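Please examine the structure shown below. The paragraphs that follow lead through its helices and some of their residues.

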Amino acid sequence: MLEHTLNLSAFLLCIGLFGSITSRNMVRALMCLELVLNAVNMNLVILSDFIDNSQIKGEVFSVFIISIAAAEATVGLAIVLTIYRNRKSVRIDQFDLLKW
């Protein structure tokens, strides 16, 4: 069971990294970043349960990561919506709004 969940987590991590590197859409890049964070959460929970199931250290760290991911998604989507209102596009290669 451990190998299957670690393989699933590695698969999610690879999809998230590939998507965030090759994505031209800002919303898609944020979604791929969420996939990476979910893969990390899976690893923390599974390995915490495998090593010592009487302590919940991995679950506590995963709750912190989920709260940070929620804040990141909120701020990221607010920035994307502001850029879309000004530029009518959310493409990353056209994102030069903050340049001097």
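**Helices and a surface patch**

V60 belongs to helix α3, which covers residues 57-87; helices here are DSSP runs of H or I with at least four residues, numbered from the N terminus. This is a predicted model, in which local features need pLDDT of at least 70 and side-chain atom pairs count only at pLDDT 80 or more, while totals for chains, interfaces and linings use all residues. Residues are numbered from 1 along each chain as its sequence is written, and side-chain values use heavy atoms, without hydrogens and water.

V60 is partly exposed, because its relative accessible area is 37%; buried means under 20%, exposed over 50%, and partly exposed in between, with a 1.4 Å probe and protein chains only. Together with I56, F61 and F64, V60 forms a nonpolar patch on the surface, with about 410 Å² of accessible area in total.

I83 also lies in helix α3. With a relative accessible area of 10%, I83 is buried. Its C-alpha atom is separated by 42 Å from that of D49, 34 residues apart along the chain.

How are two packed helices described? The description uses the angle between their axes and the distance between the axes. The axes of helix α1 (residues 2-22) and helix α2 (residues 26-51) come within 8 Å and cross at roughly 160°. The two helices are therefore roughly antiparallel to each other, a term for angles over 145 degrees.

L44 is found in helix α2 and is partly exposed, because its relative accessibility is 27%. Between L44 and S62, 18 residues apart in sequence, the C-alpha to C-alpha separation is 6.6 Å.

Conventions
Patch = residues over 30% accessible without salt bridge, like charges linked within 9 Å, V, L, I, M, F, W, Y side chains within 5 Å. Areas by Shrake-Rupley, 256 points an atom, 1.4 Å probe, with all protein chains shown as cover. Salt bridge = Lys/Arg side-chain N within 4 Å of Asp/Glu carboxyl O. Axes fitted to C-alpha atoms, helices over the stretch in contact; angles between N-to-C directions. Parallel < 35°, antiparallel > 145°, perpendicular 65-115°, else oblique.
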